[in-house]
Amino acid sequence: MASFDPLLDKDGVRLTVDEAIATVTLTNPAKRNAQSPALWRALAEAGRLLPGTVRVVVLRAEGKSFSAGLDRQAFTPEGFEGEPSFIDLARGTDAELDAAIAGYQEGFTWWRRSDIVSIAAVQGHAIGAGFQLALACDLRVVADDVQFAMRETGLGLVPDLTGTHPLVGLVGYARALEICATGRFVLADEAQRTGLANIAVPAGQLDDTVGELTAALLATPRDALIETKTLLQGAVSRTYEEQRTAERAAQGRRLRDLAGVGD
């Protein structure tokens with residue numbers, strides 16, 4: 001059954017579910033979906049609230065920009081109301097600082113769970129934390145006006161919201177370093193050519209293209225897709241022989257399941 005009422009709608013994040021499809025929407029277009037710790041907590045909560053029926057999660061954003069990155073209020077002495085400022089965090093112990101950043105990262109870590117496939121539909125600016133949120137997803141479909149940029153290094157910081165691992169995996173170390181160190185924009189053509197984007201389309205076709213990709217994913221048997229995703233996720237850290245072994249084990253499970261034979 002489709003759920004027409006949001007399961008979550010707060011702090012710039014809305015979660016809706018329609019049977020096997022969940023949609024997470026960034027809902028603060030007036031601020032170009034700038035991000036804050038409250039938004040990151042809401043993203044983490046959205047992941048926890050996903051029903052077991054969900055197979056595909058679409059991440060989208062209202063307005064002309066996907067996300068302009070961290071709200072600049074974070075850099076003021078007072079920070080966000082009710083939140084520790086960056087200055088407060090810097091004055092804490094190493095353990096406290098580590099715990100705070102780990103908490104922020106939780107909003108970015110669940111998108112690659114093996115039981116779902118996540119798709120980021122990205123238009124306009126996706127800068128800093130916005131770029132990293134798009135990178136948190138399995139797949140990215142971008143509009144032809146997309147502008148990716150990693151601006152943290154230029155601010156004297158580092159990208160710390162889980163974006164460095166997928167970025168290097170997609171474009172390689174040298175290009176990832178150059179993108180982060182210069183803070184330059186990566187536009188749609190380069191994004192598709194280098195693997196940052198799976199598909200680039202005119203802005204007016206973004207929603208339809210994401211819908212077509214979602215339908216194709218849902219047409220694949222769920223257990224086979226889960227096994228395939230898990231197999232591919234582990235490929236980078238395995239040797240060739242280890243991957244062959246993993247393939248045999250996964251295929252054995254699938255064949256037994258299809259034949260109705262227990263382990």
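These notebook entries record what I looked up in one predicted protein model.

**Ground rules**

I noted that the model is predicted, that local features need pLDDT of at least 70, and that side-chain atom pairs count only at pLDDT 80 or more, while totals for chains, interfaces and linings use all residues. Residues are numbered from 1 along each chain as its sequence is written, and side-chain values use heavy atoms, with hydrogens and water left out.

**Entry 1: the whole chain**

I began with the secondary structure and found ten helices and ten strands in the protein chain. Helices (H or I, at least four residues) and strands (E, at least two) are DSSP runs, numbered from the N terminus.

I then looked up the extent of the chain. The C-alpha trace spans about 65 × 45 × 40 Å along its principal axes.

**Entry 2: surface, contacts and charges**

I looked up burial next: 43% of the 263 residues count as buried. Buried means under 20% relative accessible area, exposed over 50%, and partly exposed in between (1.4 Å probe, protein chains only). The chain exposes about 13,400 Å², of which carbon and sulfur atoms supply 55%; the areas come from the Shrake-Rupley method with a 1.4 Å probe.

Among contacts with a separation of 6 or more, 68% join residues 24 or more positions apart. Contact means heavy atoms within 4.5 Å.

I also found that the mean positions of the 26 positive and 35 negative charges are 4 Å apart. Lys and Arg count as positive and Asp and Glu as negative, without His and the chain ends.

**Entry 3: the cysteines**

How many disulfides does the structure hold? I found zero, a disulfide being a pair of cysteine sulfur atoms within 2.5 Å. The closest cysteine sulfur to that of Cys 137 is in Cys 180, 18 Å away, so the distance is too far for a bond. Cys 137 is buried at a relative accessible area of 0%, and Cys 180 is buried at 12%.

**Entry 4: Arg 55**

I located Arg 55 in the loop between helix H1 (37-49) and strand S4 (56-61). Is Arg 55 buried or exposed? Arg 55 counts as buried, because its relative accessibility is 14%. Its C-alpha atom is 6.2 Å from that of Ile 21, a residue 34 positions apart along the chain. Beyond four places in sequence, Arg 55 touches residues including Asp 115, Leu 217 and Pro 221.

**Entry 5: Leu 135**

I found Leu 135 in helix H4 (residues 129-136), buried with a relative accessible area of 0%. Leaving aside neighbours within four places in sequence, its contacts include Arg 112, Met 150, Leu 167 and Leu 196. Ala 99 is 36 residues apart from Leu 135 along the chain, and their C-alpha atoms are separated by 22 Å.

**Entry 6: positive phi**

Most residues other than glycine have a negative phi. I therefore recorded two residues with a positive value, Asn 33 near 55° and Thr 162 at about 75°, beside that general rule. Asn 33 is in the loop between strand S3 (21-26) and H1 and is buried at 1%. Thr 162 lies in the loop between strand S8 (147-149) and helix H5 (164-171), where it counts as partly exposed at 26% relative accessibility.

Technical notes
The place of a charge is taken as NZ of Lys, CZ of Arg, CG of Asp or CD of Glu.
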